[in-house]
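I opened my notebook to jot down what I looked up in this one. Here are my entries.

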Amino acid sequence: MTPMVIGVIGCLALLLLLMCSMPVAIVMGVVGVVGYAWVISGKAALAMLSADIYDIFSNYSLTVIPLFVFMGQVAFHTGISRRLFAAANSWLSSLKGGLAMATIGACAAFGAICGSGPATAATMAAVALPEMRRYKYDDALSSGSVAAGGGLGMLIPPSVVFIVYGILTEQSIGKLFMAGVVPGLLVAVLFCLVISARCHFNPGLAPPTVSVPWRARFKSLWGVTEMLVLFLFVMGGMFAGFFTPTEAAAVGAAGSVIIAAAGGNCSLKMLTAAAQETVRTSCMVLVIVAGATIFGHFLAVTGLPMSFAEGLAGLPVPSWVVIVLIILFYLVAGCFIDSLALILLTVPIFYPVIQGFGYDPIWFGVMIVLVTQMGVITPPVGVNAYVVSGIDRSIPLQTVFRGAVPFLLALVAACVLLILFPQLATWLPGMAAS
């Protein structure tokens, strides 16, 4: 049996085990080790396994993940999420569907200090859902807004997905962060337009709320000023070249603790809870990265990725058709495979194709994150929908999916705009380079 056939068998086995709801990291690691042993030898497979696990968990570049996660956890445990929602609500509550729009705005702001889609969805579900229920918002609209808004944490820096993509492709994490800013804000605006349109055609979804006086609106901004300053300092320092991404993450983590202490919110209990969540989240991400690395080495020895890339590049069609096919693949696969695992599995295959066609790898990274963002709100895997339903068990899972589906139109529109105007993703990184 040729290595290529073994590679195909390994991919099919991986998909089959994933559909059986087995843990992503374990599946990738086991299939990778068994496949590597089949192609090379058992001794070589064990050596590869130990080397890959050690390399991932001792990789200095990956320390940026727990540091940014810790910054977000400290912000969450000090009540910043509630203050963000209150500030957004005071400015948007007078609009039709204003509370849902405020949820989107708060998700975008919290995603800027969190970096994780599911974590953003979980946090804002606990904060926003009770408030929208108090004002008799439709459950589908409210839960769908939280699930979709949570996905902004994947796109707005600091994003864990961008960090992993940057490490995989050896691209600047700072430039990837910059590239996600404008598309992230664009998606947030499109989400608000979707909410406005839904409430316009069906006013019963969101009863009107009381308008907040201008003085109270400006006063609400004071509660989020310190974290806004920290975010601008961390990201601005990184964009200006004062910090590396890892140093910026360390500054952000230390700054969040200092702000918590200055506000009287820093306690041993809070720091312990933040540290526990940071360890849990970071280990999950790093184990998935390790599993994907093992599986990637298995694919490399089979020659399957190179053959697949050569086949795509050799198709007698324009390059844009290949790009559209790749995007459609991510759109479909994102419905069945976790977004981080999907990126880890497929980037080594598609990245050479993108390079061969001369497309900007920074733009491609933003496009991948944008497309896989659809997967977090679509069945059957839709992790953000599961998170929201888990936080508020009175809302059935199908209701969350039903409320989130209209937001797919906004994501599709954002993809089209990004294809037509790639400068949306490349403008800020280009400014920094110049």
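Is the crossing in which α15 passes α18 left-handed or right-handed? I found that α15 passes α18 in a right-handed crossing (the near helix is turned clockwise from the far one by less than a right angle).

Ground rules I noted: this is a predicted model, where local features need pLDDT of at least 70, side-chain atom pairs count only at pLDDT 80 or more, and totals for chains, interfaces and linings use all residues. Residues are numbered from 1 along each chain as its sequence is written, and side-chain values use heavy atoms, with hydrogens and water left out.

Next I looked up the packing of helix α15 (residues 268-302) and helix α18 (residues 339-357): their axes are 9 Å apart, at an angle of about 30 degrees. That makes α15 roughly parallel to α18 (angles under 35 degrees count as such). Among the residues that meet there are V285 and F295 in α15, and L340 and I349 in α18 (contact is heavy atoms within 4.5 Å).

Then I turned to F191. I see F191 touching I104, A148, G149, L152, Q373, F407, A410 and L411, leaving out residues up to four places away in sequence.

Last, rings. I looked up Y359 and W363: their ring centres are 5.7 Å apart and their planes at 25 degrees, so the pair is stacked (rings of Phe, Tyr and Trp, its six-membered ring, pair if their centres lie within 6.5 Å, and planes under 30 degrees apart count as stacked). Ring pairs also link F329, Y330 and F350 into a cluster. By this rule I get 9 aromatic pairs.

Key: Rings of Phe, Tyr and Trp (its six-membered ring) pair if their centres lie within 6.5 Å; planes under 30 degrees apart count as stacked, over 60 as edge-to-face and the rest as tilted. Axes are lines fitted to C-alpha atoms, for helices over the stretch in contact, and angles run from 0 to 180 degrees between N-to-C directions. Helices (H or I, at least four residues) and strands (E, at least two) are DSSP runs, numbered from the N terminus. Angles under 35 degrees count as roughly parallel, over 145 as roughly antiparallel, 65 to 115 as roughly perpendicular and the rest as oblique.
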